[in-house]
Amino acid sequence: MTQESQYNPAGEWWTAPAEGDSGRLIMVTGRRDIARFRSNPKFSTRVEVTWPYEGDKSGMPLPDTSELMQQATELLQKCFDKDPVAVMTGIYTGDGERNWIFYTLSLPIFGRKLNEALAPLPLLPIRIAAENDPGWEEYDEMSQAEIKLD
């Protein structure tokens, strides 16, 4: 993919290293500008889309997998930027898995949009979990990883 064709996602994003439960590196990417979603009580369901992968010795994805993950991320961001039934708030990569975190107002619509967004890609080994998180507690926990420079 050339630099010119890369998708520039909406929103303000940050990335910081963190340590996973196993002690291995996890790169955490979070979105800052979520106030309009967070203030809407309908965005109370957190969805985690997980892609387990065979990684290198540090637990990071191999180059081919990393490229496919980037394509998936861009497709998901484009889809939900265009039709904001969900907002991607975080991405965790490391220790053998990639996790995309969303908050949505409708699980059935989210599922349909997820399938539409990823349709151009080969079948991916993802699993999906959802839970009620009206206080955005997972988002608040993830935000603590952001490195703030004064």
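α2 lies across β1, β2 (25-31), β3, β4 and β5, and runs at about 5° to β5. α3 lies across β3, β4, β5 and β6, at about 30° to β3. Helices (H or I, at least four residues) and strands (E, at least two) are DSSP runs, numbered from the N terminus. Axes are lines fitted to C-alpha atoms, for helices over the stretch in contact, with angles from 0 to 180 degrees between N-to-C directions. Contact means heavy atoms within 4.5 Å.

This is a predicted model: local features need pLDDT of at least 70, side-chain atom pairs count only at pLDDT 80 or more, and totals for chains, interfaces and linings use all residues. Residues are numbered from 1 along each chain as its sequence is written, and side-chain values use heavy atoms, with hydrogens and water left out. The protein chain has a mean pLDDT (the predictor's confidence in each residue, from 0 to 100) of 90, and 91% of its residues reach 70 or more. Residues 1-8 fall below 50; beyond near neighbours in sequence, that stretch has eight contacts in the model.

Now the sheet. Six strands form an open sheet in the order β1-β2-β4-β5-β3-β6, with antiparallel pairing. On average, neighbouring strands are turned by 20° against each other, direction ignored. Strands pair if DSSP finds at least two bridges between them. β4 and β5 pair over eight bridges, in the antiparallel sense. T93 has R98 in β5 as its bridge partner. β1 and β2 pair over seven bridges, also antiparallel. There, E19 stands opposite L25 in β2.

Next, the core. A nonpolar core is a set of buried Ala, Val, Leu, Ile, Met, Phe, Trp, Tyr and Cys residues joined through side-chain atoms within 4.5 Å. Buried means under 20% relative accessible area, exposed over 50%, partly exposed in between (1.4 Å probe, protein chains only). The largest core holds 21 residues, of which L76, F80, W100, F102 and F110 touch the most other members. β3 (45-52), α2 (63-82), β4 (86-94), β5 (97-104) and α3 (107-118) each supply at least two residues. α2 gives the largest share, five. Leaving out residues up to four places away in sequence, L76 touches M88, W100, F102, L114, A117 and L118. A separate core of 14 residues includes W14, F37, Y92 and Y139.

Rings of Phe, Tyr and Trp (its six-membered ring) pair if their centres lie within 6.5 Å; planes under 30 degrees apart count as stacked, over 60 as edge-to-face and the rest as tilted. That rule gives seven aromatic pairs. F37 and F43 are edge-to-face, because their ring centres are 5.3 Å apart and their planes stand at 80°. Both F37 and F43 are buried. F80 and F110 are stacked, 5.3 Å centre to centre with 10° between the planes. This pair links distant parts of the chain: F80 is in helix α2, F110 in helix α3, 30 residues apart. Both F80 and F110 are buried. Ring pairs join F80, F102 and F110 into a cluster.

One last residue. E146 sits in the segment after α4 (137-143). E146 is buried, at 15% relative accessible area. Not counting residues up to four places away, E146 touches W14, A16 and R32.
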